[in-house]
Amino acid sequence: MRLATWNVNSIRARVDRVVDWLERSDTDVLAMQEIKCKPEQFPREAFEAAGYELAIHGLNQWNGVAIASRVGLTDVETSFPEQPGFAKTGDPVVEARALGATAGGVRVWSLYVPNGRGLADPHYTYKLDFLARLREAAATWADTPTALVGDFNVAPLATDIWSEEDSEAVTHVTPEARAAFHAFEDAGYAELSRRFIPAERTYTFWDYKALRFPKGEGMRIDFVYASAPLAERATGATIVRDERKGKGASDHVPVVVELADA
DNA sequence: ATGGTAGGTAGCCTA
């Protein structure tokens, strides 16, 4: 099975590029983040015409996660247990940042971890709490084939970011954020892109601002964590840098893993 | 020169 994750940064603005890549890459399951729409606004037809089923979770124009699969899609959940909420004012709302579904015998979670915004911002506490709660939930799934994929908004290693002084990424490089990221290893998970692609300065995101892509100034923040029974089936991984090129590109590119049959 | 772009919607937006 070929499983991919991609922060698409608005599926309505990107549907042609995404479905075109899905078909060219022969991908079976695609987890998307930042679809930026409600389910009724999602361009279903293009995916369905290409042979994919969809699970979609979006509450408004922000965040939003989805999964497209051509190997079945069942048991959809739109949050994980104890997923924290957030609100600038008023009562916290559990945002559309997690979507679980079973595809081809694998429990896939499409995840969009909060950005954090700034070190003194409540959004940073939210980010750390989100990662901690996700790890607790993930620990209970570790004995079954489970994939935690998406935009983690953490650059785990110094070599995963063009500059650790980048003001846009202060919450992506702190010891706390990095510890929260690596804690999934203690919960029984292995990050598959690193296993197959250990190279330095290998990025999955380049900010639209400041012409970061042409300058080669990016971050590696999109990942695929697999539970032990799934990780042992992995045979390869790819970061599709070419998808950052040209008109109408997302600011993130797909991360793909190959999984042998069980 | 501490910005720059992009996608949303009309927010004192978010990334």
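What do the buried residues of H1 pack against? They sit against strand E2 (29-33), helix H2 (44-49) and strand E4 (65-69). Keep in mind as you look around that this is a predicted model.

**Helix H1**

Let's stay with H1, which covers residues 11-25. The residues buried in this helix are Ile-11, Arg-14, Val-18, Val-19 and Leu-22.

H1 isn't straight, though. There's a kink of about 35° in it, centred on Arg-17. The end C-alpha atoms of H1 are only 18 Å apart, while a straight helix of 15 residues would span 21 Å. Just past the end of H1 comes Asp-26, with a positive phi of about 60°.

| Packing partner of H1's buried residues | Residues |
|---|---|
| Strand E2 | 29-33 |
| Helix H2 | 44-49 |
| Strand E4 | 65-69 |

**Glu-185**

Now hop over to helix H4 (residues 175-186), where you'll find Glu-185. Is Glu-185 buried or exposed? It counts as exposed, because it has 12 C-beta neighbours inside 10 Å. Glu-185 and Ala-226 are 41 residues apart in sequence, with 9.5 Å between their C-alpha atoms.

**Around the DNA**

Which residues come nearest to DNA strand B? Of the 14 around it, they are Ser-10, Ala-13, Gln-61, Tyr-208 and Ala-210.

Technical notes. Residues are numbered from 1 along each chain as its sequence is written. Chains are lettered from A and ligands numbered from 1 in the order in which they are written. This is a predicted model: local features need pLDDT of at least 70, side-chain atom pairs count only at pLDDT 80 or more; totals for chains, interfaces and linings use all residues. Helices (H or I, at least four residues) and strands (E, at least two) are DSSP runs, numbered from the N terminus. The expected span of a helix is 1.5 Å times one less than its number of residues. The bend at a residue is the angle between axes fitted to the seven residues ending there and the seven starting there. A residue is buried if 20 or more other C-beta atoms lie within 10 Å of its own, exposed if 12 or fewer, and partly exposed in between; C-beta atoms are placed from the backbone. Two residues are in contact if their C-beta atoms, placed from the backbone, lie within 7 Å. A residue is near a molecule or strand if its C-beta atom, placed from the backbone, lies within 6 Å of it.
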